Structures are given as structure tokens and as C-alpha cells.
Amino acid sequence: MVSRRRLGRQFGWLWAAYAVSAYGSGLGFGAFPLIAVLALHASPAEVSALSAVGPAVGALIAVPLAPWVEFRRKRPVMIAMDLTRFAVMATIPVAYAFGWLSFVQLLVTSAVVAAAKIAFNAASGAYLKALVRPDDLLVANARFESTNWSSIAVGPPLGGAAIGLFGPVTTVVADALSYLFSALGITAIHGREEAPQTTNKGPVRAGALIDGWRHIMGHPGLRALYLNNMLVAGLIMATEPLLAVLLLRQLGFPPWQYGLAFAAPCAGGLIGSRLARRVVARYGQHRVFRTVGTLRAIWLIGLAFVRPGVVGLVTVIAVELAIITNMSLYTPVLATYRLEHTPKHLVARTLSAWSIGQQASIAIFTALGGLLADATSPRTALTVAGLLILTTPLLLPRHDQTSQHEPEPARSHS
């Protein structure tokens, strides 16, 4: 029996803070589109814009934030981003209570939350690299991944029930409070954090805004993984609104079956994330990237063959289970490799660049998928997405690309 790896009290507080905000976000999953439909009677075009434009604008806002995060202590940045998300999310129930809520407010809130999330994740990744030993990075990332999928499995069904009982902004209140509790958890982390070393006392130089992308594109392994991840994430996320229209409107699935189709497969997230450490120890990072990276892409085409009834429900659950299991195994390995192959002074900017690229890709593919579905049908758009994602394994790194650059711990020691 393998004993549970202990990562220390400080990591425990960081993990607890992550879990609180993850479960809050799980409860609030899909809350903004739901509020737009139920409270503001938004059109389908407005709902699509809320899902695509808000996060895309947030990604643009996050570009100048990246060097700001890099050159500051990471714990205060995380606290500031949590408090920012709490404050902006709290405006939604207040405005709703006084009858002031508008679509523009939802759009602005979505953009600010997206930008703060990117900045928080960049600071969190840099802080994690300094907090745990290099040998423990995969264990830590796997625990975050497991928590993420468990929150997605539990949160949306509970959030849907809460909305039915207490109204459309209930889950927004829970989500906002989760950021406040997360900030309190990060505040509880004790220990001195060293200030980043920088000789730049004036305004941030223009090149600092793209240093993260420069590092990614200059590293053969990271470049291949980055391009592959943008396409895979964009194509998978683009199918969510398409599948919602197909299942709920065209195939007549009741809402509870639709929720079950997305909640049940999240069990695969717990399985994959728990296997990550053992699989890497046995087969190595490169084989995980090539094999599991391919397996997470081949199942999406199955969504194009969904039919009404129980058989259709089982088909969606099986496809989503296969995708999520492979994604949850692949993601912590990718996160660990990314931290290992990024110098300490570039971690925040590299993680920001990664998140911004992924968010932009999701927004673009979601918009294109919606346009294609309007011109043809949701099933046709799902088919195109499923066929396109089959080409993404061609972008996965070759063995010489992942082994050409040694991990930072092997090159230098503090």
C-alpha cells in the first residue's frame, strides 16, 4: 500500500483555499448565462456573446497584468485577485435586488473575473514551485486536478437545485463568498516569501509583456504542447453549447438527464488524477504526452452520433468519461513539465501567456462553432469539431523535443 505523500502545512492551506474557490465556482457553473436568460430575457446571440466575449476581453486585460504579477510577492497577488473577484461578483446580487442588473454588468463582471483568474493562477503556479520540492510538483498538481473535477461533479447539480429553490443569483452569492474564504485561507499561510529580484524600477518594459510567449515558443517541447493544448481545449469547449442545443432542444432530453450527462463522467477526473504519479513513474513523461495526449482527442467525434433516449444518454456519458479520464491524467503531467522547464523569474509570465492563449482559443472556436451550427446544424458542427481534433496529436512533441531542454532543477541549484 502506497502511503499518502505529505507536502506540508503551507501546501495544505493553499490546497484548502483552492478547494473552497473550486467548489464555489462549481456551484456557480453556468450562472451568468442562466441569469441572462431568466432575469434579463437575453437573446441567444447575447448569451453566446456572454460566453465568448467576456472571457476573451478578460484575456486581453490579463496581458499587462503578467509582468506585474511576476515582479511581486505571489501571496499578496493571490489575495488581491480573490478579493477582486469577491467584490465584482458581489455586485450581481446587489444590483439584482434593487432591479439595476443589466447585460452590460454581466459582461463586465465576466471579463474582470476572467482576468483575475488568469493572474491568480499565474501567481499560484509560481508560488507552488517555490513552496514544494521539485519531486513533489506532480503530486501537488494531481491533487489540484482531483479537486477540480470533484467540484465539477458535485457543484452544478447542487447549484441547479439551489437556483430552483432560492432564485437565479443564489449560486453567484456562493461563488463570491468562496473567493473571500479562499483569500482568508491564503492569508493563513505563514512563512516569509522572498521578493522577486528585479533591477527594473521604472515602468514595465514592452518586451516583458511577451516574455512568457517568447519562452514558450523558444522551447521545442513547450511550444508543441502549447499549440496542441490551445487546439484541444478550444475544440472541446466549443462543443458544450452545441451539445446543449442538440440534447435539450432537438433531442428533448430533460434537464436532469442533461446535468447527469456532465456530472457523472467527472468521476473519471478523480481516477485520472490519482493515476498520474504512478503512470509517469512507470512510463515517463514523454509517453504520457504522446499516448494520453492522443487518447484525449479521439473520443470527441462520438458526440456527433448521439441519439434520443437512454442509448443517447449513455453515449454522452461514455464519451465524456473517456475524455475527462485522459484529460485529468494528462493535465497534471503537463502542469509539472511546464513548471520544471520554466526559469523561476519567468513562471508567472509563462503561465499567464499559456492561460491567455487557451482562453482566446476557446473564445474563437466557441464563436466559430456557433456560426457553423447556425448555418448548418449543431450535429454538423459537432462532427467538424470531432474531425478537427483528430489532427491535434500531430502537434504533440517528439521525444527529442521533450528531452532537449533539461528541467531547471537539473541545471542549477539555489
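Val 20, Val 173, Leu 177, Phe 181 and Leu 184 make up a nonpolar surface patch with about 410 Å² of accessible area together. The model is predicted, so local features need pLDDT of at least 70, side-chain atom pairs count only at pLDDT 80 or more, and totals for chains, interfaces and linings use all residues. Residues are numbered from 1 along each chain as its sequence is written, and side-chain values use heavy atoms, with hydrogens and water left out.

**Nonpolar patch**

- Patch members have over 30% relative accessible area and no salt bridge; nonpolar side chains (Val, Leu, Ile, Met, Phe, Trp, Tyr) are joined within 5 Å, like charges within 9 Å.
- Accessible areas come from the Shrake-Rupley method with a 1.4 Å probe, and for residues only the protein chains shown count as cover.
- Helix α7 (residues 170-187) supplies the largest share of the patch, four residues.
- Helices are DSSP runs (H or I, at least four residues), numbered from the N terminus.
- Phe 181 is found in helix α7.
- Phe 181 counts as partly exposed because its relative accessibility is 48%; the class lies between buried (under 20% relative accessible area) and exposed (over 50%), with a 1.4 Å probe and protein chains only.

**Aromatic pairs**

- Rings of Phe, Tyr and Trp (its six-membered ring) pair if their centres lie within 6.5 Å; planes under 30 degrees apart count as stacked, over 60 as edge-to-face and the rest as tilted.
- The count by this rule is seven aromatic pairs.
- Phe 11 and Phe 144 form a tilted pair, at 5.6 Å centre to centre and 55° between the planes.
- Phe 11 lies in helix α1 (residues 9-27) and Phe 144 in helix α6 (residues 137-166), so this pair ties together parts 133 residues apart in sequence.
- Phe 11 is buried at 2% relative accessibility, and Phe 144 is buried at 10% relative accessible area.
- Ring pairs link Phe 11, Trp 15, Tyr 18 and Phe 144 into a cluster.

**Charges over rings**

- A charge sits over a ring if NZ of Lys or CZ of Arg is within 6 Å of the ring centre and within 35 degrees of the ring normal.
- Arg 85 places its charged end over the ring of Phe 120, 4.9 Å from the ring centre.
- Arg 338 has its charged end over the ring of Trp 354, 4.9 Å from the ring centre.

**Salt bridges**

- A salt bridge needs a side-chain nitrogen of Lys or Arg within 4 Å of a carboxyl oxygen of Asp or Glu.
- Five salt bridges are counted by this rule.
- Arg 349 and Glu 70 meet through their side chains at 3.1 Å, N to O.
- That pair links distant parts of the chain: Arg 349 in helix α14 (residues 347-375) and Glu 70 in helix α3 (residues 44-70), 279 residues apart.
- Arg 349 is buried at 5% relative accessible area, and Glu 70 is buried at 3%.
- Arg 85 also bridges to Asp 82, with the closest N and O atoms 2.9 Å apart.
- Arg 85 and Asp 82 both lie in helix α4 (residues 74-97), three residues or about one turn apart, and both are buried.
- Arg 214 and Asp 211 form a salt bridge with the closest N and O atoms 2.3 Å apart.
- Arg 214 and Asp 211 both lie in helix α8 (residues 211-218), three residues apart, about one turn of the helix.
- Arg 214 is partly exposed at 46% relative accessibility, whereas Asp 211 is buried at 8% relative accessible area.
- Salt bridges that share partners join Glu 70, Asp 211, Arg 214 and Arg 349 into one network.

Notes
Helices (H or I, at least four residues) and strands (E, at least two) are DSSP runs, numbered from the N terminus.
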